[in-house]
Amino acid sequence: MKNSKVVFICAPYDAKDRADHVLEMERVAHFRNVVEGLYHYKTFAPGSYITGPEKEARDFRVEVEDIILKNCNAVFVCGSVVTAGMQVQIAKARVLNIPIYSMTEGDKGVLITLYEEKEKQNEMSICKTHF
């Protein structure tokens, strides 16, 4: 059996209604397809499997996310918005020393870079303009 890397897809799951939820699931499926197509990695996005606003569903999703995250080779933060739930996943990945990448899309394709928090990026741009 081929040993493949495992990637955790960190994406927003904060839809307030069914229509937004469907759009979120489509975006997550798209991100998974991009990563799998480019790198042939196995991808996991627990938020897309276990859904529901109930506290039990959220608690169970967090438990599953923790198990999957501990067994991942990398985390891909997908999209330009980072929600509070995503920040928790990113913090857990940092504690586990898992490499974190940012994946955004534009008119010219997909951009994948090492993840830097917005605050750090803003600090760097301020430093560059003043020095």
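Me: How do the residues of the lining of the second largest pocket divide by class: nonpolar, polar and charged?

Reply: Sort each lining residue into a class, then count. In this predicted model, the lining of the second largest pocket has 6 nonpolar, 3 polar and 4 charged residues.

Me: Which residues lie nearest the centre of that pocket?

Reply: The second largest pocket has 13 lining residues. Nearest its centre are Arg 61, Val 62, Glu 65, Gly 85 and Gln 89. Two elements each give two or more residues to this lining: α3 (55–70) and α4 (84–95).

Me: Which element gives the largest share of the lining?

Reply: That is α4, with 5 residues.

Me: How much space lies in this pocket?

Reply: The second largest pocket holds about 250 Å³.

Me: At what angle do α3 and α4 pack?

Reply: Read a helix pair by angle, axis distance and handedness. For α3 and α4 the angle is about 35 degrees. Their axes are 11 Å apart. The crossing of α3 past α4 is right-handed.

Me: Which residues make the contact?

Reply: From α3 come Val 62, Glu 65, Asp 66 and Leu 69. From α4 come Gln 89, Lys 92 and Ala 93. By class, this contact has 3 nonpolar, 1 polar and 3 charged residues. Two of the names return from the pocket: Val 62 and Glu 65 also lie among the residues nearest its centre.

Me: Do β1 and β2 run parallel or antiparallel?

Reply: Compare the directions of the two strands. Strand β1 (residues 6–10) runs parallel to β2, and 3 bridges join them. Val 7 stands opposite Thr 43 in β2.

Me: How many bridges join β4 to β5?

Reply: There are 6 bridges between β4 (residues 100–106) and β5 (residues 109–114), and these strands run antiparallel. Tyr 101 stands opposite Leu 114 in β5. The link from β4 to β5 is a hairpin through 2 residues.

How values were computed: Residues numbered from 1 in each chain as written. Predicted model: local features only at pLDDT ≥ 70, side-chain atom pairs only at ≥ 80, totals over all residues. Heavy atoms only, no water. Pairing = 2+ DSSP bridges. Helix = DSSP H or I, 4+ residues; strand = E, 2+ residues; numbered from the N terminus. 1 Å grid on protein atoms, 1.4 Å probe; cavity = no way out; pocket = protein on both sides within 12 Å on 5 of 7 lines; lining within 4 Å. Points joined across faces, edges and corners; volume = space filled by probe spheres on them. Nonpolar A, V, L, I, M, F, W, Y, C, P; charged D, E, K, R; others polar. Axes fitted to C-alpha atoms, helices over the stretch in contact; angles between N-to-C directions. Left-handed = near helix turned anticlockwise from the far one by under 90°. Contact = heavy atoms within 4.5 Å.
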